[in-house]
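Reader: Could you help me look at how two chains meet in a model? I am new to this, so please go slowly.

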There are 2 protein chains.
Amino acid sequence: MRIKIADVSGFCFGVERVIELVEKKSKETPVDTLGPLIHNPVVVRELEKKGVKAVSSLKETKKKAVVIRAHGVPPDIYREAENLNINLFDGTCPFVKIVQNMAKKLCEDGYEVVVVGKKHHPEVIGVVGYTNGKALVVSSPEEARSIPLKKKRVGVVVQTTFRFDVFAKCVEELMRRAHEVRVFNTRCSDTDRRQEAAIKLAKEVEVVIVVGGKNSSNTRRLYELTEKQGVKAYHIESPDELKSSWFNGVEEVGIIGGASTPQKVVEEVVERIKSFEISHHS
Amino acid sequence: MRIKIADVSGFCFGVERVIELVEKKSKETPVDTLGPLIHNPVVVRELEKKGVKAVSSLKETKKKAVVIRAHGVPPDIYREAENLNINLFDGTCPFVKIVQNMAKKLCEDGYEVVVVGKKHHPEVIGVVGYTNGKALVVSSPEEARSIPLKKKRVGVVVQTTFRFDVFAKCVEELMRRAHEVRVFNTRCSDTDRRQEAAIKLAKEVEVVIVVGGKNSSNTRRLYELTEKQGVKAYHIESPDELKSSWFNGVEEVGIIGGASTPQKVVEEVVERIKSFEISHHS
């Protein structure tokens, strides 16, 4: 059995960056993270073992330093930290920072700001904060058609990991309703590259194992995309979920990790699959 | 046989305005028009009878005054007129003026300007002139995908009479390629209202007569749209093209005039159809 890892797999730039930040800072001073650092329970559990706790608000921490995760936060968190005398280490992904800045600029320039993304996603909550809560959030063309627009000048940003096709449809609906639609395509190119790698992989193998948090939307999307190619696909969080029966008679297996999946977990998955083969042959 | 006229039919705002301008000015002083005034041979022939000639360049006229038609012209025409000591009466449609101004502004603001429209349409030639010839013109998503973009900031305007669905697809392709796409939806609302009226009419009658120049793209589009509704449709320029056989056994006929079709021609069409009925009955 041949095992193939996708060309793009595991931590994206922003996740790698914030994990390095936590590792570095936690050696210097006790830190917590504001919210689970990434959408990956394996990583979050490991951090907990090291004493890095995911707190749901700044008031909850007992430490003097808190790490902002890659998703970013609304600006009032920075003010709150100052009031509480908490030192913030900002792990906001630079690509998310662009979304926040563009939303802020559009708002200041008098545009009706529309964020295309999931309303309850932490990244989107953070971005909306940069418009003083004024931005409207749409996640479907239907919503884009019906949200109440007060202005004929609409400024659009998009959640970094949002689907391009739905994003484009939302913009189309806004174009029907506004004189001017100023779109910043703030999607992260990693998302596309990873999705393309998933599709390519699915065409080359018989079974694809998608590794990543069940609560990670980018990982779930990888699973959907691979399955759509007609290949047998499984979405797992850890090697323990693998079943040897999935690989009976299979010659080529593909593996891809989501943007919040550590390379270590991907490697463990590879080892586990290899061990099935050995036990088959023995 | 009942004859129904579409809710929107005949001259649009811009055409009515320029025809009034020519009629008014030609009473004061001899004038020519730069290009055929509108895409309707009936109107153009009538103007010729009144001594208003359609010249293809300013050098061609022997008069001291020339009317700019609703489509507008590139700015160098205004300079040329000054040099030739020709008085220009500007009939550029105010909606086309917006396209020109927006293209100019986007160009000055450093955007790569893309005009969605037909490259050889006089309106588009005029608009491109307002970017010093720098604007790129696309009329299909394929072109939007392949034109060479030098910048990552793209400013988009659209020909007033262009199809919305193709326009939206072009913008979608540009969104794939640029960081920022700033779209001014410069389509004219008359186009939509007229098309909606055509669709409504087609659903209410058995035969639709679309009246307007064969060289008028908005009229051709009305014909396409009505035919798509499953009704029998004919595109004619003048009542002489009508055939009585089209109306055998027909109870409801609908008529719609293009944006450059005089109400008079529509009325003549109505009369001719009525005359068929009388001769049927006699």
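Author: Here we go through the side of chain B that touches chain A. This is a predicted model, in which local features need pLDDT of at least 70 and side-chain atom pairs count only at pLDDT 80 or more, while totals for chains, interfaces and linings use all residues. Residues are numbered from 1 along each chain as its sequence is written, and side-chain values use heavy atoms, with hydrogens and water left out.

Reader: ok, how many residues of chain B are in contact with chain A?

Author: On chain B, 18 residues are in contact with 18 residues of chain A, where contact means heavy atoms within 4.5 Å.

Reader: and what area is buried between them?

Author: About 1,500 Å² is buried between chain B and chain A, with carbon and sulfur atoms giving 57% of it; buried area is the accessible area (1.4 Å probe) that two parts lose on being put together, summed over both. In chain B, the residues that lose the most area to chain A are B:Phe164, B:Met175 and B:Arg182, which together make up 36% of what that side buries.

Reader: switching topic, how many salt bridges are there between the chains?

Author: The count between chain B and chain A is two salt bridges, each a side-chain nitrogen of Lys or Arg within 4 Å of a carboxyl oxygen of Asp or Glu. One of them joins A:Arg182 to B:Glu180, whose closest N and O atoms are 2.6 Å apart.

Key. Chains are lettered from A and ligands numbered from 1 in the order in which they are written.
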